[in-house]
2 protein chains.
Amino acid sequence: MATIDTSLVAKLPLFAGCSADELDAILKEARSIRVPKNGNVFEQGEDAHSFFVLLHGHVRASKLTPAGEQVVVRYVAPGETLGVAMAIGLPSYPATATAVDDSVVLAWPTAAWPRLVERHPALATNTLRTVGARLQETHSRVIEMSTQQVEQRVARALLRLAKQSGRPVETGVEIDFPISRQDIAQMTGTTLHTVSRLLSGWESRGLIEGGRRRIVLRAPDQLVALAEQTPDDTAS
Amino acid sequence: MATIDTSLVAKLPLFAGCSADELDAILKEARSIRVPKNGNVFEQGEDAHSFFVLLHGHVRASKLTPAGEQVVVRYVAPGETLGVAMAIGLPSYPATATAVDDSVVLAWPTAAWPRLVERHPALATNTLRTVGARLQETHSRVIEMSTQQVEQRVARALLRLAKQSGRPVETGVEIDFPISRQDIAQMTGTTLHTVSRLLSGWESRGLIEGGRRRIVLRAPDQLVALAEQTPDDTAS
DNA sequence: CGGGTTTTTGATCTCCTTCAATCCTAGTGG
DNA sequence: CCACTAGGATTGAAGGAGATCAAAAACCCG
């Protein structure tokens with residue numbers, strides 16, 4: 001098994017403030033794992049045996065409710081950490097992580113975490129920052145769901161996805177992984193029907209360009225306008 | 001200025017794994033501050049000069065949206081940390097913390113955080129755990145808002161408040177600080193009108209007992225049943 | 001006792017869900 | 001290479017949970 005190329009991961013937030021030597025030592029304990037499209041990195045409820053960094057591809061983290069409904073927690077982009085259950089004191093994964101594209105992750109055994117943190121305190125600090133950022137994002141989501149209409153929420157969701165994982169194409173910015181109307185519905189707390197209606201409307205107005213599990217934003221600025229619109233705003 | 005009584009704070013989660021000496025050293029840098037009812041511990045957007053532990057009383061953390069709507073993020077009970085913006089890399093407070101009762105907080109200058117963490121790595125680990133737990137709770141909230149009706153969400157909110165800050169009284173469990181219908185609406189993403197209607201209904205069925213900014217749960221078990229009820233459940 | 005906050009309750013309205021088909025599109029296997 | 005098929009998307013119609021609009025009532029504090 002070849003060691004992992006340090007240059008690829010040297011500037012990830014998780015390793016901020018680590019020397020090259022430290023990084024080497026840390027990476028020596030990691031394994032690189034290929035996860036095929038639609039494969040699971042880990043599953044909700046499963047014993048948290050490892051934590052990960054996504055190197056390549058895209059991963060969807062989703063939770064299943066007791067009633068059997070699925071909610072998308074977030075999409076993970078390359079460079080982000082996932083499965084840090086242990087670090088936050090959970091014995092098992094709180095969500096399922098599914099590769100939406102062929103993906104590659106670095107994996108460390110959870111058991112190594114306490115030792116790694118002791119030797120490299122920056123890991124704890126960096127993880128704290130990451131988890132804090134996610135807490136902020138999740139709060140934003142709560143606030144959106146409390147105060148905004150579905151249309152605004154969906155527009156915002158698309159803009160965030162495009163920002164996080166957008167690829168420029170001729171006609172605009174394409175979301176760089178397959179995503180269905182259903183997925184968007186599960187991110188925004190609505191139904192695929194409503195999402196479909198909204199996207200259809202936007203497509204006919206030229207704001208976006210859709211396809212089977214594909215979305216291209218043609219006029220992000222107009223989507224921003226939509227997202228910022230308050231319920232009682234009337235078109236000028 | 002008297003030093004703070006260590007025995008009161010020795011077993012807070014923030015200081016788990018700290019020796020008595022360490023605790024002494026850490027507490028030496030803190031000031032104890034009294035915040036009167038309706039006073040703010042800190043305000044959203046304000047420079048994050050300090051972080052806090054609530055010693056006594058109750059604090060409401062709320063966020064104001066650009067559109068001027070308020071959302072209650074959480075209620076803080078004695079022993080919990082608040083205002084840890086700096087630790088998660090924020091230069092200013094993301095929410096406003098208001099005492100809903102006369103309260104007392106311990107305050108450390110934010111500037112001391114990096115040094116404290118360096119000397120007492122357990123602080124970072126413990127804070128990570130706390131922030132992780134809050135992330136989980138916030139995810140639960142997103143899931144509830146995505147999949148449950150208002151009635152279920154309000155019932156759950158009451159049960160959580162009672163669990164976190166309930167005081168046993170003759171007729172049941174009283175939420176131990178003043179809380180209005182409006183506050184509950186802002187916690188559950190609905191309007192005070194809907195909350196009022198629900199609580200009125202529950203009161204007439206003997207599940208709760210209300211008053212001006214006062215709520216007593218008389219039959220928590222029945223509220224649990226309500227909270228677990230799925231939309232298409234019909235009464236037996 | 002007065003005035004402001006909090007709560008209640010009614011009536012109406014609307015955004016979104018739910019129900020129900022139908023239509024596409026990309027794989028797949030012959 | 002093409003028909004077949006299954007998951008995904010679209011679209012219509014109807015209904016309902018909860019928001020909004022509007023007042024009145026209750027309560028607390030000074």
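Two residues are in contact when heavy atoms of each lie within 4.5 Å. By that rule W108(A) touches F15(A), I26(A), L27(A), E29(A), A30(A), H49(A), S50(A), F51(A), V53(A) and L116(A), leaving aside residues up to four places away in sequence.

This is a predicted model, in which local features need pLDDT of at least 70, side-chain atom pairs count only at pLDDT 80 or more, and totals for chains, interfaces and linings use all residues. Residues are numbered from 1 along each chain as its sequence is written, chains are lettered from A and ligands numbered from 1 in the order in which they are written, and side-chain values use heavy atoms, without hydrogens or water.

**The core**

W108(A) also belongs to the largest nonpolar core, which has 52 residues. Such a core is a set of buried Ala, Val, Leu, Ile, Met, Phe, Trp, Tyr and Cys residues joined through side-chain atoms within 4.5 Å; buried means under 20% relative accessible area, with a 1.4 Å probe and protein chains only. The residues with the most contacts inside this core are F15(A), L106(A), W108(A), F15(B), L106(B) and W108(B).

**An enclosed helix**

Helices here are DSSP runs (H or I, at least four residues) and strands are E runs of at least two, numbered from the N terminus. Helix α6 (residues 181-188) of chain A is largely enclosed by the rest of the structure, because six of its eight residues are buried. Those are D183(A), I184(A), A185(A), Q186(A), M187(A) and T188(A). They pack against β4 (59-64), β5 (70-76), α4 (121-147), α5 (150-165), α7 and β12 (214-217) of chain A. After α6(A) comes G189(A), with a positive phi near 70°.

For residues 148-221 of chain A, UniProt lists "domain: HTH crp-type" in an unreviewed entry; such annotations may be inferred rather than shown by experiment. The span is 53% helix and 22% strand, and its end C-alpha atoms lie 19 Å apart.

**Meeting the DNA**

A residue is near a strand if one of its heavy atoms lies within 4 Å of it. DNA strand D has 18 residues around it, and S196(A), R212(A), V150(B), T190(B) and T194(B) come nearest. Sugar and phosphate make up 67% of the atoms of DNA strand D within 4 Å of the protein. DNA strand C is surrounded by 19 residues, the closest being V150(A), T190(A), T194(A), S196(B) and R212(B). For DNA strand C, 62% of the atoms within 4 Å of the protein belong to sugar or phosphate, and the rest to bases.

Helix α7 (192-204) of chain A and α7 (192-204) of chain B each supply at least two residues of the surface near DNA strand D. With four residues, α7(A) gives the most to that surface. Near DNA strand C, α7(B) gives the most, with five residues.

The table gives some polar contacts, which are pairs of N or O atoms within 3.5 Å.

| Side chain | Atom of the DNA | Distance |
|---|---|---|
| S196(A) | phosphate oxygen, DNA strand D | 2.8 Å |
| R212(A) | base nitrogen, DNA strand D | 2.9 Å |
| T190(B) | phosphate oxygen, DNA strand D | 2.8 Å |
| T191(A) | phosphate oxygen, DNA strand C | 3.4 Å |
| T194(A) | phosphate oxygen, DNA strand C | 2.4 Å |
| R212(B) | base oxygen, DNA strand C | 2.8 Å |

How values were computed. A polar contact is a pair of N or O atoms within 3.5 Å; within protein, one must be able to donate a hydrogen and the other to accept it, and residues adjacent in sequence count only if both atoms are side-chain atoms. Buried means under 20% relative accessible area, exposed over 50%, partly exposed in between (1.4 Å probe, protein chains only).
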